[in-house]
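Trainee: I would like to learn how to read a few features of a model. Please start with the terms.

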Amino acid sequence: MGSKVRAAAVCAAVSTLVVTGTAVLTAAPAAASTITEITAGSWAYVDSAAPRTSFADPGDLPVGAHTYANGVSHVSKSYVTFDLSALRGNRLERAGISVDETAVADCSSPRATELWLTEPAKKPTWNNQPAELVKAGGPIIDTSCPARGVFWNATAALQSALDAGRKTATFALRLPDDQQNDPKFGRSYNPHATLSISYNRAPSKPAQLTVNTHACAAKPVVIGPGSTTLAAGFTDPDGDFGQVEWALWPVDHPDQRTTFHNSFTNGGGASVVLPGPLADATTYAWQVRASDSTDTGPWSAVCKLTTDLVAPAQPPVVTSPDYSDVGLGTGGTGVPGSFTFAANGVPDVVGYYYGLRGFPQTYVAAARKGGPATVSITPASGGPQILSVWSVDPAGTQSGRTDYRFWVADNGPSMTCAAHAYLGETQQCTFAPHGTDGASEYVYDIDGGQSLTVPAGPDGTATISVTPTDFFQPYDLTVRARMANGNLSGPGGGQIPVDRGLPVVDVPADTMVGRPVVFTFHATLPGSVSFTYAWDFGEPVTVPAGPDGTARVTIVPDSAYGHYLDVSTTTGAGIVSATQEVQVEIGSNEPVVTSAEYPRNGPAGYVTTPGTFTFSPALPGVVSYTYTYLGSTVTVPAGADGTASVVLTPLTTNSQYLQVTSTFADGTVSETAYYSFIARSAAPPLTCDATGPLQPGQVVHCTLTPVQPGLASYGYVVGNGPEVSLAPGPDGTGAFEFTAPAQGFLSLHAWSVNAAGLRTDSSYTSYGVATAARAV
């Protein structure tokens, strides 16, 4: 019996079955289900004209009456049988059978072919027809003739077959009794009928049970304090989303079985954190099963766990005969040491975690429960070390930490090199082992480059040759010895002594901007044939070295103060020395500015008092000076002695700035000299006989005291009034009076003027004037 199965997941709330071109709306399915189409695996028909014969012709299936050429009338029923193995163990939701008509005697006659579930019948005959048990709903027929699809709702009929435990289901195609013998109702059907079913499959039996990621086994999983996570793997064949039911009980009290639920997605399993605390030192059993929206899967196997919720009460004890924290240490890098961990009286310790630098990295089992463990540790570096150790119980719960401190002795090999060698000269360095560790070879690198190996001689030493050529390279050598135990020792070595041939530069003591400066270079690197120098980091210049290893270069500085001269040498072999950098201070050629009346920076003289400023040359050959003062630029010739003097009169107490350059006979101009000075105030002090608010009409008397040299007159202004000129008295003072106005604010400014008409800065005071009282 053959069958063809085509499955598809159905997730819509209402499904539509399409059978041979006919769409049939069915009831709403579960959250997810499987639709399968099963083609009839066998077929047969019975004929009233041959009542004892079963026909299994693969041609069309006749139904109803047919009159043949010989005039004999035949009445037929046809049977199709379906394999139900796809439904075995699953819940049926809907079923429908469809078949195509292949011939119709009279398309105008109504069509009412019936479909009946029958008793099983492998070879039915007219005289031995299987009992017709359940009639299917329908038929539903499209408008074509012959119909492309005739459909019956066979859900109840198929469920009846499943309830009877049948592995196959046989259905009869027949006409109603009132049509069966009338040839005009006769028709034929395609024997390849299709059974379309929708069914739900329950979730699978859970497997891959774990407790805190540990797989369940014959022995219970031991768990420690903290949360406990149960997990299981299962799927739902239909891809449902559903619920998981967990059951947990103490093994000694199955009556205390409790259940709890959570949801799962069909992606391989589910997990749950056990709710509530568990009792210590107790063995629990648990199971799990899954349900979709309609069916519940089987319970899993039983998994057990045992609680051990108390951590080891004492940290372990650590001892070592080989390593301790004494003096400069013992052992050495690459020298194995024995370390013993003891449970410190805790009886259920089963092992230890240990690791250097405070992180547990390695587990070692105890020799017995509550017993010690001994490990060998090979330090990878020298100096102070911390070995951290934790003991663990069967649940994996760790004790407090023990930090064992020890010191690994320095066992790096020694290195000795020649005391002095220049760049380009071959240097020999010898390695020797530390103490009695011995050495079969040495592994070394220079400045972190390629690792090289050199074998040790019979005495354990080895000698290498190095020719330094790069002045910039530090030539730091790191070396380790391959000791007798096969391990590498700690690092040794150091910097290879190299004379980098730094040249010497002679700088003249007296330098000046614009004047040639002659520098002398002296080579120290043997074989130097040239010097390369750069002034203020400019383009490098190369000059040959003389037979005596020196060279002289001339530089004319174009600015004063700090400059940099970098010098290196190059040998005939192309080896470049280190660079000598010299800071050169160049004197300025700016003129010197002096003034007796107004010395640099400090306050002196008075506003409107002329001062003489003298310009002196820094170098001979000055023919003129150009100065800028208060925005005006003036050029004055130099005298025979190269100096020049100008008279300047400050008119304010603000800081005064003077810029001066000197011009030489060749037309060149010096750098600028900057000179600043401050003139003191020459404003006449102002005193009046009134204080506080003035009364309207009050007369105020004021006196001015002279300060300005060469005083000629005073001036003042009251409020917004006119400026008033006042002649000084015989003693040089000036007196005036004014009358307070009716009301308001009153300001008073006063100054003095010399014979040249230059006015000083002003003195100032102010008054408030009271409001006059109104007459009643």
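Mentor: Buried means under 20% relative accessible area, exposed means over 50%, and partly exposed lies in between (1.4 Å probe, protein chains only). This is a predicted model, in which local features need pLDDT of at least 70 and side-chain atom pairs count only at pLDDT 80 or more, while totals for chains, interfaces and linings use all residues. Residues are numbered from 1 along each chain as its sequence is written, and side-chain values use heavy atoms, with hydrogens and water left out.

Trainee: How many salt bridges are there by the rule?

Mentor: Side chains of opposite charge can pair when their charged atoms come close. The rule asks for a side-chain nitrogen of Lys or Arg within 4 Å of a carboxyl oxygen of Asp or Glu. The count comes to 15. One of them joins Arg111 and Glu101, with the closest N and O atoms 3.2 Å apart. Arg111 is in the loop between strand 10 (101–104) and strand 11 (114–118), and Glu101 is in strand 10. Strands (E, at least two residues) are DSSP runs, numbered from the N terminus.

Trainee: Is Arg111 buried or partly exposed?

Mentor: Arg111 is partly exposed, at 21% relative accessibility, whereas Glu101 is buried at 6%.

Trainee: Which residue forms a salt bridge with Glu114?

Mentor: Arg174 does, with the closest N and O atoms 3.9 Å apart. Glu114 lies in strand 11 and Arg174 in strand 15 (residues 168–174), so this pair ties together parts 60 residues apart in sequence. Glu114 is buried, with a relative accessible area of 14%, and Arg174 is buried at 8%. Arg174 also meets Glu132 in a salt bridge (3.1 Å, N to O). Shared partners join Lys77, Glu114, Glu132, Lys135, Arg174 and Asp177 into one network.

Trainee: What about the backbone?

Mentor: Most residues other than glycine have a negative phi, and most peptide bonds are trans. Here the bond from Gly138 to Pro139 is cis, with omega near 5 degrees, and Pro139 sits in strand 13 (residues 137–141). Another cis bond joins Cys145 and Pro146, with omega about -5 degrees. Asn344 is not a glycine, yet its phi is positive, near 60 degrees. Asn344 lies in the loop between strand 28 (337–342) and strand 29 (351–356).

Trainee: In what order do the three strands of the open sheet run?

Mentor: Strands pair through backbone hydrogen bonds, either parallel or antiparallel. Pairing requires at least two bridges found by DSSP. The order is 27-28-31, with antiparallel pairing. Strand 27 (317–319) and strand 31 (373–377) stand at the edges, each with a single partner strand, so one side of each has no neighbour in the sheet.

Conventions. Helices (H or I, at least four residues) and strands (E, at least two) are DSSP runs, numbered from the N terminus.
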